[in-house]
Amino acid sequence: MTRRASDAAESAAASRRWWDAEAAAYLDEHGTFLGDARFVWCPEGLSEADAGLLGDVAGRRVLEVGSGAAQCARWLSAQGADPVALDLSLEMLRHGRRIGLGAGLDVPLVQADATRLPFGDGTFDLACSAYGALPFVADSAAVMSEVARVLRDGGRWVFAVTHPVRWSFPDDPGPAGLVAQSSYFDRRPYVEQDEQGIATYVEHHRTLGDRVRELVGAGFRLVDLVEPEWPDDNTRTWGQWSPLRGQVIPGTAIFVAEKA
Ligand SMILES: C[S@@+](CC[C@H](N)C(=O)[O-])C[C@H]1O[C@@H](n2cnc3c(N)ncnc32)[C@H](O)[C@@H]1O
């Protein structure tokens with residue numbers, strides 16, 4: 001791995017290949033925790049059923065951005081919402097279709113890039129994303145603009161991403177992950193690459209201020225910034241997210257915004 005620039009095309013190509021190839025293994029590892037029709041915001045385990053960050057969803061048209069296998073969209077459907085689940089990865093969506101048919105909760109699935117949403121202006125009342133798309137795109141401001149465009153005025157946009165302070169620390173769930181090693185202000189993405197130097201996995205960093213500026217620049221008003229605390233009953237490690245680190249530093253930032 002390295003930290004180097006990765007443009008929109010390279011990042012999207014790497015994400016498409018990586019999520020298509022890893023979809024089955026990812027769901028084997030995390031599928032039980034995510035549930036077939038639960039809405040889990042983050043490795044801390046905060047659920048939308050408890051947090052209510054989207055407000056009343058019944059009867060609302062909701063876009064899930066970077067939905068993976070569409071677990072959140074199925075929960076929304078079960079609450080009486082009218083969701084659409086969008087993801088770049090066809091394999092993630094195929095798993096979404098399989099799980100949806102098995103659960104008797106089949107939701108509309110759309111394959112597209114979050115930086116170019118294939119919907120008309122003002123199509124949705126709400127938009128949400130639980131670690132979908134935003135960590136992986138080079139131009140996250142474009143996602144903000146697109147979400148603003150497809151939301152109606154006053155529509156709510158709630159998204160969870162890795163807490164930006166985590167970027168100062170090694171990607172390690174153990175004690176090594178508690179020692180700051182790199183600059184919070186280094187915006188170069190984390191890139192895994194093959195022997196030819198072609199990116200195989202890319203994650204992009206934005207500071208808290210960057211995220212707020214991108215939201216405001218797209219016409220949103222920030223309503224809340226939720227930093228879920230690690231609950232005592234969550235003993236599970238998910239990648240770099242662990243009880244050890246969760247007790248000391250925030251792992252997730254959930255931005256709650258409304259189209260002004
Ligand atoms: C960590 S998963 C989050 C999905 C779900 N909440 C979950 O926990 O499984 C990230 C998802 O973002 C999708 N993604 C990555 N880049 C994207 C892009 N540019 N546009 C849309 N989706 C993208 C990936 O395909 C993947 O399904």
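Predicted model: local features only at pLDDT ≥ 70, side-chain atom pairs only at ≥ 80, totals over all residues.
Residues are numbered from 1 along each chain as its sequence is written. Local features need pLDDT of at least 70, side-chain atom pairs count only at pLDDT 80 or more, and totals for chains, interfaces and linings use all residues, while side-chain values rest on heavy atoms, without hydrogens and water.

**Asp113**

Asp113 is found in the loop between strand E4 (109-111) and strand E5 (124-130); strands are DSSP runs of at least two residues, helices (H or I) of at least four, numbered from the N terminus. Asp113 is buried without a salt bridge, and Arg116, the nearest side chain of opposite charge, is 4.4 Å away. Buried means under 20% relative accessible area, exposed over 50%, and partly exposed in between (1.4 Å probe, protein chains only). A salt bridge requires a side-chain nitrogen of Lys or Arg within 4 Å of a carboxyl oxygen of Asp or Glu. Beyond its neighbours within four places in sequence, Asp113 is in contact (heavy atoms within 4.5 Å) with Ala12 and Leu88.

**Aromatic pairs**

The structure holds 15 aromatic pairs. Rings of Phe, Tyr and Trp (its six-membered ring) pair if their centres lie within 6.5 Å; planes under 30 degrees apart are stacked, over 60 edge-to-face, and the rest tilted. Two edge-to-face pairs involve Trp238.

| Pair | Centre to centre | Angle between planes |
|---|---|---|
| Tyr26 and Trp238 | 6.1 Å | 70 degrees |
| Phe33 and Trp238 | 5.9 Å | 80 degrees |

Tyr26 lies in helix H1 (residues 8-34) and Trp238 in the loop between strand E9 (220-226) and helix H7 (243-246), so their pair ties together parts 212 residues apart in sequence. Phe33, also in helix H1, is 205 residues from Trp238. Phe33 counts as buried because its relative accessibility is 17%.

Notes
Lys, Arg positive; Asp, Glu negative; His and termini not counted.
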